[in-house]
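Have the viewer open alongside.

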Amino acid sequence: MNATQAPFVCDFRDCNRNSIELVGGKCASLGELINAGIRVPPGFAVTTEGFFDFVGGAGIQDAIYQELTDLSGDDTVKLKAASNKIRSMIEAAEFSTELEDQIGECYRVLSVRCNVPAVPVAVRSSATAEDLPGASFAGQQDTYLWIRGIEDVLDHTKKCFSSLFSTRAIAYRIRMDFEHSAVAISVGIQKMVNSYAAGVMFTINPTSGDRSMILINSSFGFGEAVVSGEVTPDVFMINKVSLDLVERIITTKEVAYIVDHETHSSKRVDLPAERQNIQSIVDEEIAELARMGKIIEKHYGAPMDIEWAVDNDMAAGGNIFILQARPETVWANKKSKPVAVGNKTAMDHILSSVMEGVKMK
Amino acid sequence: MGKSKFPDPHEVETIPGTEGWERMYPYQYQFVTDDPEREQYEKESFWFYDGLHYPEPLYPFDTIWDEAWYLSLSQFSHRIFSIPPVKGVDHRMKNGYVYISPVAITDPKEIEGRVAHFMERAGYYYENWNELEAKWEEKMKKTIAELEAVEIAPLPDLEDISIVTEGIGESSGYQLLKNYDTVIDLGIRCWQYHFEFLNLGYAAYVTFMGHCQKIWPDIPLQRITQMISGIEVIMYRPDEELRNLARKAVELEIVDSLKSSTSFSEVKATLEHMDAGKQWLEALEKVRYPWFHVSTGTGWFHHDRSWNDDLDVPLGSICTYAEKLLAGKSIDRPIEAVRAERDRITSEYRGLIDNDEDLAAFDQLLATAKTVFPYVENHLFYVEHWFHSIFWNKIREVGAIMKEHGFIDDVEDIWLLKRSEIKDALWDLVTAWATGVKPRGPKVWPPEIEWRKGVMEKFKQWTPPPALGPPPEVIQEPFTIVLWGVTNESLANWAELSEADGDVRIIKGFAASPGTVEGKARVCRTVKEIGELEEGEILVAPTTSPSWAPAFVKIKACVTDVGGVMSHAAIVCREYGVPAIVGTGSATKIIKSGQMIRVNGSTGEVELL
């Protein structure tokens, strides 16, 4: 790789909001967090430049775009056939030696850094249009968890590349009149957090829209249980200014997702009765998360929706990781209305206030 | 309309054996059934027990301050500042306990008609706040000086010759009647001033709090009050003088002598034999007037004695501070830290406001709240502490004369009489003295006082219902909102607590200072008991006042029966960064010394472990 050419791979630490075109929204956002001082699981991106090198080097470029010409967004049968054909092509194609070397080297370095031989990683697509405010494509690209060993990492990187050509993604581009050849995809390869507990955090009270509050939902194991709604998570409401824990609801958490070391995937397990009603993270972790939430919000300048996890293997103090952060959308879209309307002076406010009083419902 | 239901005031029964108790209080304080119109009004109104000011039933004489504020608060809201939707706050009594009811104006036309007056009048006060407040201080100082000058002199057998030679033409008997009236009048006048700024002060708080709560629906009240903390007020000066005296004692190396006895007179005798001791006593004398005119309670009751009445109290506090100093610890109030935290919190909240209109309103209203803050604190020193401390003793002087003439058996019996009854008795006393005959009073008052003492005992055993009648849909009266904290939630808590007797595990109050701690409770019913506090215990008290300040350097949390988020305990605990829960209503009755409790100053819950 020479200095003027964009890199095929890029450590998260070198990604930032200006590199969305190169590493996609997800990886750029992780880089942003690292640069803001937020702990995220380490990893690297295979860049869109790497993607172009792949399709170009494998000589499948023309064949792909040939398949896509004259497709109608409504003809689902044809769309599906084209998608299948393209995805098979991509998954059967070979990396260039240079690209394969670079991905392999990054993976080796990552394993050393994590002190885990052939460290299990998440391989996920990081699209260049995803995660941007107002255009949420979440779920349209693929994520592969607990991938271990360079062969599997390479295979799943190709699978992520091919997700750019899922039936839905193709149909969407046709509907929006986007050029197929202009879109590219990056792939993030990131250490899997072996989470003891995980969940989501909003740096706003999602119920009232109060920006001075932080809400944390937490349950044992991986965050899937919380995100999918399979458990009712513990709820912690924290005052953003004082970091006081103002509300604590400990729920009964019957199931959790944990790693299955045989299949390198997560599996659903029933939690033993004696663990079900225990608070899933301790108060110090709640406070640490809230502190991170404040930094993340300050960094982005808007209330955020954050996925996080507490690592099972690492020492306390360095074991809380932020997995994803995106702007909260529900309240952000409601244009904030001033509560003090039409009043000019303090006396006007005082008059309105005594006229209104306090409602007793 | 709330779910909370409270009894009809007319159905609350008189305690057996106290029949006729109504004569101990002004007649207009009764709930009546012989006037259908008034009865209907009382039935439809919402009355809540003013436990904030009256944790115990009122002695007949002490009712003077209730009447004084009944008049003063109401007149300023209704007749002077014309607060548009609000009249005054009505008062009643049941079994010795005071119930109050904010009176609203419901006719929209009438409300509208009051707006212009309110804007002009309240606007004038807010605009000229500092000048008017300076004028207020002068009026108060003058009133206090007048009170100090009133002489309550015993009646001589033969009048002094000067009455003749100076052609005075008035007797000591007339003087006694007149001077008693003067003392009472000055008391009422001083309470006129008490509310001159207070209604507007609270209205400014309500407005600032309301604005913050609209922007941040989940903001705790204590965070709002923190934004107006760290302002220097003279209410803290007495305590500061104690710290200075402790510093001086350490400097003069006389701490051991101070600690040689808990009795000030004994310590004084020791100190008078030492040069350093004399120096220290001089320093003490210098600050006693006015700074030791501080009540050991709220100042509302005759039994709240001042530091000047009982120098053992400040002595104990000075020793506590001196010991801290000798142990190498600081006794400085953490005022700089309080201000830094105030500024941090204010700027963080401010930073969360995302439109210019709300930001401008926030800045304006915060500034107004900060302007009114010193008055809201300082009036307490002038009225409840300084004036009252002198006032109670003047009335004791009247009591001494009544005792001398056989009207009462003990000076302290005077509190069982209404102030109008005292005036009647003084007429009896003075005319009999003038005429040289036996007064009727000595046969009338002692048995009546005996009976009233029994009634007071029965009143104390009774638990007043927290409220009576139907809760209103909206409350606009500023005091009801800020001071008594009447909300749906507090009503529900009251209803719950009045139903649950027996095994209480959780006591709820106002979350006044954040944080959670577990520890050993120490119940101190009076400030004299704070000497028993050990380092790291949790103080459980009826209420606290500046006299209690030394306790706060020792404790790790505080729980009170009475008070809101702007009460003394709340403010001081936030300063020292220890959790506090105030206004629990009953903590001192339920919690025992030595019991382990958990105090969550963020949620307002005390858990008995």
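1. Which domains does the domain assignment of chain A give? Domain 1 covers 9-191 and domain 2 covers 195-327. Keep in mind throughout that this is a predicted model. Taken over C-alpha atoms, the centres of domain 1 and domain 2 of chain A are separated by 27 Å. Their contact draws 16 residues from domain 1 of chain A and 14 residues from domain 2 of chain A.

2. Staying with that contact, look at the domain 1 side in chain A. Helix H1 (20-35) and strand S4 (143-147) of chain A are the elements giving two or more residues to the side of domain 1 that touches domain 2. Sorted by class, this side of domain 1 of chain A has ten nonpolar, two polar and four charged residues.

3. Along the principal axes, the C-alpha atoms of chain A fill a box of roughly 75 × 50 × 45 Å. Of the 361 residues in chain A, 46% are buried. If you take contacts in chain A between residues at least 6 apart in sequence, 66% of them join residues at least 24 apart.

4. Now the sheet. Six strands of chain A make an open sheet, ordered S9-S8-S7-S6-S12-S13, with antiparallel pairing. Strand S9 (245-249) and strand S13 (320-327) of chain A sit at the edges with a single partner strand each, so one side of each has no neighbour in the sheet. From one strand to the next, the twist averages 15 degrees.

5. If you want a pair to click on, Val235(A) has Ile249(A) in S9(A) as its bridge partner.

6. Is helix H2 (residues 48-57) of chain A enclosed or left open by the rest of the structure? Seven of its ten residues are buried, so H2 of chain A is largely enclosed by the rest of the structure. The buried residues in H2(A) are Thr48(A), Glu49(A), Gly50(A), Phe51(A), Asp53(A), Phe54(A) and Val55(A). After H2(A) comes Gly59(A), with a positive phi near 70 degrees.

7. Over to chain B, which is divided into domain 1 (234-335) and domain 2 (503-608). The centres of these two domains of chain B, taken over C-alpha atoms, are 24 Å apart. Domain 1 of chain B puts 19 residues into the contact and domain 2 of chain B puts in 13 residues. On the side of domain 1 of chain B that touches domain 2, helix H9 (237-251) and helix H13 (312-326) of chain B each supply at least two residues. H13(B) gives the most to that side, with six residues. By class, the side has nine nonpolar, seven polar and three charged residues.

8. Next, the cores. The largest nonpolar core has 152 residues, and Ala512(B) and Ala580(B) touch the most other members. Helix H15 (residues 356-404) of chain B gives the most to this core, with 21 residues. Why does the core lie between domain 1 (234-335) and domain 2 (503-608) of chain B? Both of these domains of chain B give residues to the core, so the core lies between them. A second, separate core of 87 residues includes Val9(A), Cys106(A), Val121(A) and Ile238(A).

9. Leaving aside neighbours within four places in sequence, Ala512(B) has contacts including Gln222(B), Val565(B), Cys573(B), Ala580(B) and Gly601(B).

10. Finally, how many residues of chain B are in contact with chain A? There are 49 residues of chain B in contact with 31 residues of chain A. Among the elements that each supply at least two residues of the chain B side are helix H3 (108-127), helix H14 (335-351) and helix H18 (478-482) of chain B. H7(B) provides the largest share of that side, eight residues. The class breakdown for the side of chain B that touches chain A is 28 nonpolar, 13 polar and eight charged residues.

Note on methods: Residues numbered from 1 in each chain as written. Chains lettered and ligands numbered in written order. Predicted model: local features only at pLDDT ≥ 70, side-chain atom pairs only at ≥ 80, totals over all residues. Pairing = 2+ DSSP bridges. Helix = DSSP H or I, 4+ residues; strand = E, 2+ residues; numbered from the N terminus. Axes fitted to C-alpha atoms, helices over the stretch in contact; angles between N-to-C directions. Core = buried A, V, L, I, M, F, W, Y, C linked by C-beta atoms within 7 Å. Buried ≥ 20, exposed ≤ 12 C-beta atoms within 10 Å, placed from the backbone. Domains from an automatic or database assignment. Contact = placed C-beta atoms within 7 Å. Nonpolar A, V, L, I, M, F, W, Y, C, P; charged D, E, K, R; others polar.
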